[in-house]
Amino acid sequence: MSTVVASEAPAGSARGFRFAMLLPGGLVTFFLILFALGLVLFLALRGNDGSLLGAGFTAGNFITVVSDPLYWTVTLRSLVIAGLVTLATVVTAYPVAYYLAFHAGRRRSLLLFLVTLPFWTSYLLRVFAWKIVLAYNGVLNSALIESGIWSEPTLAFLNTPAAVVVTLAHAYAPFAILPIYVALDTIPKSLLEAASDLGARPFTAFRRVVLPNSMPGVLAAALVVFVPTVGDYVTPAMVGGPASTMIGTLIQSQFGKANDWPFGAALSVCVMLVILCVVLVARGADRKFGSRK
Amino acid sequence: MSAARRDDGRGWLGVYVLAYLVFLYLPVLLIPLFSFNNSIQAAFPLQGFTLEWYATLYGNPALSGALLNSLVIGVVAAAGATLCGITVSYMDLYGRSPLAATISAISRLPILIPGVIVGISLLILVNLIGLGPSRIAIVLGHILVALPTTVVIMRSRFAAIPKTIREAALDLGASDWTTFRRVMLPLSLPAIVSAFMLAFLISFDEFIVVFFLAGTEPTLPLYIWSQLRFPRSLPTVMALGTAILAVSVIIAGIAEILRHRGLSTARRTAPTSPA
């Protein structure tokens, strides 16, 4: 009876409530996300005449991306660097997540806090920190010379793709640990005991029980690292040198110096297509591991 | 024997985790270290102790302007992102409509969009509506960047509140509004504060999106970026960075404690909830 009162008396106010509660999120998602992304797609199909929305419809921007080797090279390089960063981050993060899930005991909350804390410190400053580590007059060179291992400073650290990979793997480490930890934490301990009772050696149990069950977390971690990395332009600019130009740098320069917004938009659409492919592959892999359970 | 082998593995794993933490923290800790070093060059051996770089932070109008800008934008963007996070996740869990579920799904989409693309899509949008790069544009950008975080935090909080509490309030004749305002909001207050603080930190540190949306008044990360080009100003940047690190760590710590407190009260109230 009381439910009748609740649903009948303030019918208008219930509608008002729904409207008010859906309004902020609705505005943001439909206007700022869907409409804004639609604008990028629209602009990518326009010619550049210096005006805001370009002139005439054309596939020319995409033809340039596909036919000019410069853009191919940079896109491929971005994929390779982002792939290496993802691989390095996930592989180094996995044992940490494993320790957190199975061995940390009472230190677990403290350790979880410690591994997530760097995420809340400025990204720009973390990249800058790597620049002072790797520079010619930097920490690594001066430490090597002070300790007598090296006699001359070397230029080999800074302005290399390897510097980009290390810096980004450091910057996105907390992103990788958390999803893997969450996946490992949901594995029932009884599964491991069962494996051991059935005679599986620890490594076999890990390979056949733990690893497959943690794959959703690994895939989530890989996505969370790959997506921001592939479009990054700050780290390549600060520690990468000209040999590490990534597609984010090209997009940024189209909206800045080059002032060819439609072409920048076309490059962005290509990045989103690449990410879409990666997401679909990850989805497929996720389903495959899901069906094994 | 197998127990011994397991212990052995655990020991190595512990060493690895320790080494990993060193890798995580060592580069970041160089910034405070060199901020007290009496040399322009960030290299070993350390020269002498100085507070000179901290002194140069005072009375710098460009810096204080950027700081004020970042604070105002951070508070407004965090408020917007938290409001959206609360309403989106609440309607997703209790609204029972496809529209609410769609909004919730799209609101977590920005995780799958690189910052550079969030930046340019909003740049096109704000130019189209005649706003142009401005503080409002930055606020919109930061709401988008923080939105997935606030939605995830609020969603897990609302999901942890026993369903019976909301049903009891509705059964006792409270309207949707009253239930939301008098029951659900107070119960999720720690998570709301935590979401707000984390959204503020995200906005305060964000650079990749803001780069495209800033008009004439830079935020703090943009100010730092502009200073990184000049080797002479690097020690000052490190002093500034140390101050930012300290404040970020404190805010993140408080947010973490609040989140934990929220979760543990949820667990404690669960069995005796209707009282």
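**Entry 1: the model and chain B**

I am working from a predicted model. I began with the secondary structure of chain B. I counted 12 helices and 0 strands there. Read along the sequence, the pattern is α-α-α-α-α-α-α-α-α-α-α-α. I then took the extent of the C-alpha trace of chain B. Along its principal axes the trace spans about 75 × 70 × 30 Å.

**Entry 2: chain A against chain B**

Next I looked up the interface. Chain A puts 84 residues into the contact, and chain B puts in 84 residues. The two chains bury about 7700 Å² between them. Carbon and sulfur atoms carry 83% of that area. I asked which residues of chain A lose the most area to chain B. They are A:F17, A:M21 and A:W120, together 10% of what that side buries.

I turned to the polar side of the interface. I found 0 salt bridges between chain A and chain B. I did find 7 residue pairs in polar contact between them, both partners at pLDDT 80 or more. Which helix of chain A gives the most to the side that touches chain B? Helix α2 of chain A, residues 11–44, does, with 23 residues. I sorted that side of chain A by class: 61 nonpolar, 19 polar and 4 charged residues.

**Entry 3: α5 and α9 in chain A**

I moved on to a helix pair inside chain A. Helix α5 of chain A covers residues 108–116, and helix α9 of chain A covers residues 173–185. I read an angle of about 150° between them, with the axes 9 Å apart. Angles over 145 degrees count as roughly antiparallel, so α5(A) is roughly antiparallel to α9(A).

I listed the residues that make the contact. From α5(A) they are A:R108, A:L112, A:V115 and A:T116. From α9(A) they are A:P174, A:I177, A:L178, A:Y181 and A:D185. By class, I have 6 nonpolar, 1 polar and 2 charged residues in this contact.

**Entry 4: the salt bridge**

Over all chains the count comes to 4. One that I followed up is A:D185 with A:R108. Their closest N and O atoms are 3.2 Å apart. I asked where the two partners sit. A:D185 is in helix α9 of chain A, and A:R108 is in helix α5 of chain A. The pair links distant parts of the chain, 77 residues apart.

Terms used. Residues are numbered from 1 along each chain as its sequence is written. Chains are lettered from A and ligands numbered from 1 in the order in which they are written. This is a predicted model: local features need pLDDT of at least 70, side-chain atom pairs count only at pLDDT 80 or more; totals for chains, interfaces and linings use all residues. Side-chain values use heavy atoms; hydrogens and water are left out. Axes are lines fitted to C-alpha atoms, for helices over the stretch in contact, and angles run from 0 to 180 degrees between N-to-C directions. Helices (H or I, at least four residues) and strands (E, at least two) are DSSP runs, numbered from the N terminus. Angles under 35 degrees count as roughly parallel, over 145 as roughly antiparallel, 65 to 115 as roughly perpendicular and the rest as oblique. Contact means heavy atoms within 4.5 Å. Ala, Val, Leu, Ile, Met, Phe, Trp, Tyr, Cys and Pro count as nonpolar, Asp, Glu, Lys and Arg as charged, and the others, Gly among them, as polar. Buried area is the accessible area (1.4 Å probe) that two parts lose on being put together, summed over both. A salt bridge is a side-chain nitrogen of Lys or Arg within 4 Å of a carboxyl oxygen of Asp or Glu. A polar contact is a pair of N or O atoms within 3.5 Å; within protein, one must be able to donate a hydrogen and the other to accept it, and residues adjacent in sequence count only if both atoms are side-chain atoms.
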